[in-house]
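User: Please examine the following model with me, question by question. I should like each answer to close on the value or name requested.

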Amino acid sequence: MTAQEHEGQQVLIVEDEPKIARLVADYLEGSGFATHHLDHGDGVLPWLATGRPADQGPALVLLDLMLPGTDGLTLCREIRQRWPALPVIMLTARVEEVDRLLGLELGADDYICKPFSPREVVARVKAVLRRTQGGDGTARGAGSDLVLDDEGWRALADGRDLGLTAVEFQLLKVMMHAPGRIFSRDQLMDHMYRDHRIVSERTVDSHVKKLRRKIGEIWPEREVIRSVYGVGYKYQPEE
Ligand code: CA
């Protein structure tokens with residue numbers, strides 16, 4: 001992986017210890033990333049809200065658990081709810097929190113335990129981005145031949161257009177950005193309807209059903225969108 005692949009991609013560093021923040025920023029910038037630093041929990045959601053959802057925001061958030069103001073757990077939960085496709089890596093000194101961080105409720109993409117080496121942070125950031133992004137302007141689900149064409153709002157399976165509606169495209173895009181992550185119906189609903197009009201969970205189910213049927217027409221043997229009983233859905237290209 002070369003530095004150019006990350007050129008211009010921004011990492012938001014939320015960390016109240018200036019030395020750690022500066023060290024991490026230096027290493028990330030040395031690898032071709034742009035960085036932005038916030039040192040107080042209260043500033044994070046407003047800052048993200050100004051950059052999103054126009055794809056002008058950060059590619060990833062490095063989020064310290066213990067912060068002045070709004071704490072890292074609350075922020076992680078809020079980010080997951082409002083920007084489901086934005087990857088979050090938690091920085092924590094509390095190993096006992098790890099299961100919770102990666103669990104469904106908080107849904108962090110990875111965690112790094114303090115103390116850490118800045119090299120390790122850069123490696124983890126790259127790994128999470130590799131998992132959640134394609135390198136060529138399209139999102140490509142790992143291990144699958146499903147490709148999203150963002151400009152044309154099309155999804156191609158083995159090069160064949162699935163003929164998705166805008167809502168189906170959005171659903172697939174959100175899930176494909178985080179393969180294996182389980183999304184609750186609430187989270188999917190938030191992403192489908194930016195104006196937050198009231199829709200029922202059954203609306204989500206019905207859109208997912210149509211999406212799965214369209215994928216199934218091309219790949220009858222594969223089930224890339226899985227339902228997780230009682231919880232929600234996930235994109236899982238492989239067993
Ligand atoms: Ca801290």
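Analyst: Helices, as named here, are DSSP runs of H or I with at least four residues, strands are runs of E with at least two, and both are numbered from the N terminus. In these terms Ala 178 is placed in the loop between H6 and strand S10 (183-184). The model is a predicted one.

User: How many helices and strands are there in the protein chain?

Analyst: The protein chain has 239 residues, of which 50% count as buried. Among its contacts with a separation of 6 or more, 59% are between residues 24 or more positions apart. The secondary structure of the chain comprises eight helices and 12 strands.

User: What is the mean pLDDT of the protein chain, and over which residues does pLDDT stay under 50?

Analyst: The mean pLDDT is 82, and 83% of the residues reach 70 or more. Where pLDDT is low, the predicted coordinates should not be read in detail. That caution concerns a segment for which the model has 21 contacts beyond four places in sequence; the residues with pLDDT under 50 are 135-143.

User: Which residues are the protein donors of the calcium ion?

Analyst: The donors follow the spacing D-x47-D-x1-M along the chain. At 2.1 to 2.3 Å from the ion, the donors are Asp 16 (OD), Asp 64 (OD) and Met 66 (O).

User: How many residues of helix H6 are buried?

Analyst: The buried residues of H6 include Val 167, Phe 169, Leu 171 and Val 174. Glu 168, Gln 170 and Lys 173 are also among them. Helix H6 spans residues 166-176 and is mostly covered, the number of buried residues being 10 of 11.

User: Which element gives the most to the largest nonpolar core?

Analyst: The largest nonpolar core has 28 residues, and those with the most contacts inside it are Leu 146, Leu 162, Leu 172, Met 175, Leu 188 and Ile 225. At least two residues each come from S7, S8, H6, helix H7 (185-192), helix H8 (201-218) and strand S12 (232-235). Apart from this core lies another, of 20 residues, with Leu 12, Leu 67, Leu 75 and Ile 79 among them.

User: What is the angle between the planes of the aromatic pair Trp 153 and Phe 169?

Analyst: A search of the whole structure finds one aromatic pair. Trp 153 lies in the loop between strand S7 (146-149) and strand S8 (154-157), and Phe 169, 16 residues apart, lies in helix H6. Trp 153 is partly exposed at 42% relative accessible area, whereas Phe 169 is buried at 1%. The rings are 5.2 Å apart, centre to centre, and the pair is tilted, with an angle between the planes of 35°.

User: How far apart in space are the C-alpha atoms of Leu 164 and Leu 211?

Analyst: Leu 164 lies in the loop between strand S9 (160-161) and H6. With a relative accessible area of 13%, Leu 164 is buried. Leu 164 touches Leu 211, and also Ala 155, Phe 169, Leu 172 and Lys 214. Although Leu 164 and Leu 211 are 47 residues apart in sequence, their C-alpha separation is 7.2 Å.

User: Over which ring does the charged end of Arg 222 sit?

Analyst: Asp 145, in the loop between strand S6 (139-140) and S7, touches Trp 219 and Arg 222, among others. Asp 145 is partly exposed, with a relative accessible area of 41%. The charged end of Arg 222 is 4.1 Å from the centre of the ring over which it sits, that of Trp 219.

User: What is the omega of the peptide bond from Lys 114 to Pro 115?

Analyst: Pro 115 is in the loop between strand S5 (110-113) and helix H5 (118-132). Most peptide bonds are trans. The bond from Lys 114 to Pro 115 is cis, with omega near -5°.

Conventions
Residues numbered from 1 in each chain as written. Predicted model: local features only at pLDDT ≥ 70, side-chain atom pairs only at ≥ 80, totals over all residues. Heavy atoms only, no water. Donors = N, O, S within 2.8 Å, 3.2 Å for Na, K, Ca; no water. Buried < 20%, exposed > 50% of the residue type's maximum accessible area, 1.4 Å probe, protein only. Phe/Tyr/Trp six-rings, centres within 6.5 Å; stacked < 30°, edge-to-face > 60°. Lys NZ or Arg CZ within 6 Å of the ring centre and 35° of its normal. Core = buried A, V, L, I, M, F, W, Y, C linked by side-chain atoms within 4.5 Å. pLDDT = per-residue confidence, 0-100. Contact = heavy atoms within 4.5 Å.
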